[in-house]
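Please have a look at the next slide before I start talking.

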Amino acid sequence: MDIAGQLARGRDAYARQAWREASEALSAADRSESLGPWELQMLATAAYMLGREHEFREALERAYREHLAADERLAAVRCAFWIGVTLALRGEFGQAGGWQGRAERLLEREPADCVERGYLLVARGIEYEIEGDRERLAAMAAEAAAVGERFHK
């Protein structure tokens, strides 16, 4: 099957949440020609749903770089957020903090309020949870919920 066919098959499988099929088709397409950032995000999600965290992070890091190259900063922020959260949940706090910092630096350049700011509040809330700071966690959760309400998320 040609790359266009593999991409179509991968996108369709992703839409149906057929994670193994999506992973196989998108990986085959990627071997023929490097995927774009949105397809890399699909590949990352499929890998995560299959329990392949290393492949998830690898694909999401590539998507992050591709989004930056295309000046799609908010999409890059979302990639950095998910990488950081999954690392934090694995107890890899140093690396998680690095990805959180990348996302925060990208958002500093964004003039408007955006849902991605709420994502980073959630990540910060995870830090407060780990530290046992319930008061700051509650305040952060309320702020993140307010962002979600503003953006209907």
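Glu116 is buried, with a relative accessibility of 5%; buried here means under 20% relative accessible area, exposed means over 50%, and partly exposed is in between, with a 1.4 Å probe and protein chains only. The side chain of Glu116 meets that of Arg78 in a salt bridge, 2.3 Å from N to O. By salt bridge I mean a side-chain nitrogen of Lys or Arg within 4 Å of a carboxyl oxygen of Asp or Glu. The two residues sit in distant parts of the chain, 38 residues apart: Arg78 in helix α5, residues 73-89, and Glu116 in helix α7, residues 115-131. Helices are DSSP runs of H or I with at least four residues, strands are runs of E with at least two, and both are numbered from the N terminus. Arg78 has a relative accessible area of 21% and counts as partly exposed.

A word on the source: this is a predicted model, in which local features need pLDDT of at least 70 and side-chain atom pairs count only at pLDDT 80 or more, while totals for chains, interfaces and linings use all residues. Residues are numbered from 1 along each chain as its sequence is written, and side-chain values use heavy atoms, with hydrogens and water left out.

Back to the charged pairs. Side chains of opposite charge can pair when their charged atoms come close. How many salt bridges does a search of the whole structure find? The search gives 18.

Another one joins Glu104 and Arg124, whose closest N and O atoms are 2.2 Å apart. Glu104 belongs to helix α6, residues 93-108, and Arg124 to helix α7, so this pair ties together parts 20 residues apart in sequence. Both ends are partly exposed: Glu104 at 27% relative accessibility, Arg124 at 22%.

Then there is a network of salt bridges that links Arg9, Asp12, Arg16, Glu21 and Glu24. Within that group, Glu21 pairs with Arg16, with 3.0 Å between the closest N and O atoms. Arg16 is partly exposed at 45% relative accessibility, and Glu21 is partly exposed at 26%.

Now the pockets. The search runs on a 1 Å grid over the protein atoms alone; a pocket is an open set of points with protein on both sides within 12 Å along at least five of seven lines, unlike a cavity, where a 1.4 Å probe fits but cannot get out, and lining residues have an atom within 4 Å of a point. Grid points are joined across faces, edges and corners, and a volume is the space filled by probe spheres set on the points.

The largest pocket has a volume of about 220 Å³. Of its 13 lining residues, Tyr14, Gln41, Thr45, Leu60 and Trp82 lie nearest the centre. Which helix supplies the largest share of this lining? That is α3, with seven residues. Helices α3 (37-49), α4 (53-69) and α5 each supply at least two. By class, the lining has ten nonpolar, three polar and no charged residues. For the classes, Ala, Val, Leu, Ile, Met, Phe, Trp, Tyr, Cys and Pro count as nonpolar, Asp, Glu, Lys and Arg as charged, and the others, Gly among them, as polar.

Thr45, one of those central lining residues, lies in helix α3 and is partly exposed at 26% relative accessibility. Setting aside neighbours within four places in sequence, Thr45 is in contact, meaning heavy atoms within 4.5 Å, with Tyr14 and Trp19.

Last, the cysteines. The whole structure has zero disulfides, a disulfide being a pair of cysteine sulfur atoms within 2.5 Å.
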